Amino acid sequence: MKLFNTLSRQKEDFVPLEEGKVRMYVCGPTVYNYIHIGNARPMIVFDTVRRYMEYKGYEVNYVSNFTDVDDKIINKAIEEGTTAEEVSRRFIEECKKDMQALNVKPATTHPLATQEIQGMIDMISSLIEKGYAYRAQDGTVYFRTRKFKDYGKLSHKNLDDLQAGHRDIKVTGDFKEDALDFVLWKPKKEGEPYWESPWCKGRPGWHIECSVMSKKYLGDEIDIHAGGEDLIFPHHENEIAQSEAANGVEFSKYWMHNGFLNIDNKKMSKSSGNFFTVREIGEKYDLQVLRFFMLSAHYRSPLNFSEELMEAAKNGLERIVTAAEHLRHLLKNAPEDGPAKEETDLLHGAKQYTEKFEAAMDDDFNTADAVSAVFELVKYINTSVSENTAKETLNGFYGQLKQLCDVLGIIIEKEEEILDEEIEGLIQERQAARKEKNFKRADEIRDLLLEKGIILKDTREGVQWKKA
Ligand code: AMP
Ligand code: ZN
């Protein structure tokens with residue numbers, strides 16, 4: 001299995017630190033709003049990497065954090081007249097719902113930054129002891145960037161170029177020794193959440209969170225660290241500096257970064273209104289379609305989101321699901337007797353598509369080619385089966401198709417359909433809950449129906465519903 005390592009800018013053979021095991025860390029979202037479809041890309045892509053590694057027999061310890069203390073969360077809390085804790089708790093729950101709808105497996109551990117403050121204080125103390133960090137006059141603790149000799153090795157930047165362009169680097173305080181130094185701990189401002197520390201009442205910088213959570217749940221050395229390409233600099237560069245200075249060993253062997261998702265060929269941007277939340281897309285499409293759309297491109301390529309491409313993904317997915325349905329339908333009345341030689345040969349012939357699939361995935365997780373192999377398998381199955389095909393043969397085809405779709409996280413088994421009466425019943429219960437001002441229950445019912453693909457619309461004539 002080869003993967004592109006941002007560190008070496010080359011495809012390298014994957015050799016785990018410990019045989020049969022993978023320790024993997026994926027930077028998670030900052031939870032101050034519903035996640036947008038750009039945030040969904042690393043979730044889907046690295047979930048697929050994980051699934052493929054598991055398919056290959058590796059035991060994967062997969063850690064992905066939630067950044068639950070940050071300026072954006074604090075600002076949102078002020079805007080809403082509530083606490084940062086309440087905002088982050090709410091959006092973590094919402095994010096988990098989106099992940100489930102995208103069929104992203106829960107991580108082995110989903111640590112929260114606010115629950116790991118002591119570990120951050122310990123790592124910062126150790127960096128100060130080793131001379132890699134210092135407390136400035138106002139209580140801010142900075143990392144002494146120039147002391148870490150390998151700084152820039154991931155982003156392939158050199159310190160002097162960075163220094164020359166230092167006006168572009170956010171200057172967060174006036175007390176730094178050097179413009180390149182970055183924050184490990186900062187003093188609290190009025191009304192902000194804070195923790196006690198040896199330096200001042202305050203909160204951690206963003207980069208130290210990931211270094212600490214990765215160390216705690218995966219150890220000093222890990223196999224893969226991943227995230228979107230915007231994180232290469234400064235976030236991941238700073239993580240390397242902190243972790244390697246503190247632990248004295250190489251932090252991560254491989255670094256993987258997904259390309260950006262654009263909308264209608266333009267950069268996604270909140271200010272210009274050019275962005276969609278996963279929730280919004282979920283009102284129009286089954287979120288399986290969004291997942292399938294993301295996997296139809298290579299993870300390192302930029303990907304353009306458009307209605308047209310989503311429709312194409314929807315049709316493609318439909319072709320696969322229909323083939324699976326057809327197999328299930330044939331299985332109901334299939335002959336029980338053993339398969340004839342021709343059928344065994346056909347089944348054997350289908351193995352070439354699994355081989356193609358694996359070859360694509362082994363080549364830096366080329367899901368675009370892997371999806372093509374699945375389409376070829378579907379075509380092959382469609383032309384190979386009929387009412388006379390033996391049960392054993394049909395099961396063989398079905399098992400093979402399902403196995404590949406499982407790696408991609410594509411569900412081919414449709415859930416039980418919800419009956420119209422059940423929908424009506426739930427809508428009535430929701431109306432009653434609203435009347436009693438039990439909005440929590442009312443929202444729960446709305447979400448439950450949404451999960452089953454039922455969209456509610458409140459109109460003057462009452463509640464209307466439709467299937468997504
Ligand atoms: P954030 O909450 O901004 O830290 O983002 C969480 C994850 O989503 C990070 O790995 C980002 O790199 C990634 N991300 C954010 N926007 C996009 C985008 N438009 N396309 C792809 N990945 C993105
Ligand atoms: Zn991170």
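**Exercise 1. A covered helix**

Which elements are included in what covers the buried residues of helix 10?

Solution. The cover includes helix 8 (278–284), helix 9 (287–295), strand 13 (303–305), helix 13 (367–384) and helix 14 (391–408). Before going on, note the ground rules. This is a predicted model in which local features need pLDDT of at least 70, side-chain atom pairs count only at pLDDT 80 or more, and totals for chains, interfaces and linings use all residues. Residues are numbered from 1 along each chain as its sequence is written, chains are lettered from A and ligands numbered from 1 in the order in which they are written, and side-chain values use heavy atoms, with hydrogens and water left out.

Step 1: Helices (H or I, at least four residues) and strands (E, at least two) are DSSP runs, numbered from the N terminus. Buried means under 20% relative accessible area, exposed over 50%, and partly exposed in between (1.4 Å probe, protein chains only).

Step 2: look at the helix itself. Helix 10 covers residues 307–332, 26 residues in number. From first C-alpha to last, helix 10 reaches 37 Å, close to the 38 Å expected at 1.5 Å a residue. The expected span is 1.5 Å times one less than the number of residues.

Step 3: find its buried residues. Among them are Met 310, Leu 317, Ile 320, Val 321 and Leu 327.

**Exercise 2. A partner helix**

What do the buried residues of helix 13 pack against?

Solution. Step 1: get the length. Helix 13 has 18 residues and spans 25 Å, close to the expected 26 Å.

Step 1: pick out the buried residues. They include Ala 370, Val 374, Leu 377, Tyr 380 and Ile 381.

Step 2: list the packing partners. These are helix 1, helix 9, helix 10, helix 11 (341–349), helix 12 (351–362) and helix 14.

Step 3: step back to the loop between helix 12 and helix 13, where Asp 364 is found. Its phi is near 55°, a positive value in a residue other than glycine. Asp 364 counts as buried because its relative accessibility is 0%.

**Exercise 3. The zinc site**

Which protein atoms are the donors of the zinc ion (ligand 2)?

Solution. Step 1: apply the cut-off. Donors are N, O and S atoms within 2.8 Å of the metal (3.2 Å for Na, K and Ca); water is not among the atoms, so sites may look incomplete.

Step 1: name the donors. They are Cys 27 (SG), Cys 210 (SG) and His 235 (NE2), 2.1 to 2.2 Å from the zinc ion.

Step 2: read the spacing. The pattern is C-x182-C-x24-H. Cys 27 lies in the loop between strand 3 (21–26) and helix 1 (37–55), and His 235 in helix 7 (residues 232–247), so this pair ties together parts 208 residues apart in sequence.

Step 3: check burial. Cys 27 and His 235 are both buried.

Step 4: look again at helix 7, which also holds Pro 234. The peptide bond from Phe 233 to Pro 234 is cis, with omega near 0°.

**Exercise 4. Two domains**

How many salt bridges are counted between domain 1 and domain 2?

Solution. The chain is divided into domain 1 (2–258), domain 2 (279–408) and domain 3 (420–467). These bounds come from an automatic or database domain assignment.

Step 1: describe the contact. The C-alpha centres of domain 1 and domain 2 lie 36 Å apart. The contact takes 28 residues from domain 1 and 30 residues from domain 2. Contact means heavy atoms within 4.5 Å.

Step 2: find the area. About 2600 Å² is buried between domain 1 and domain 2, and carbon and sulfur atoms give 59% of it. Buried area is the accessible area (1.4 Å probe) that two parts lose on being put together, summed over both. In domain 1, Arg 41, Tyr 52 and Tyr 55 lose the most area to domain 2, together 27% of what that side buries.

Step 3: count. There are 5 salt bridges between domain 1 and domain 2. Each is a side-chain nitrogen of Lys or Arg within 4 Å of a carboxyl oxygen of Asp or Glu. Asp 363 forms a salt bridge with Lys 11, with the closest N and O atoms 2.8 Å apart.
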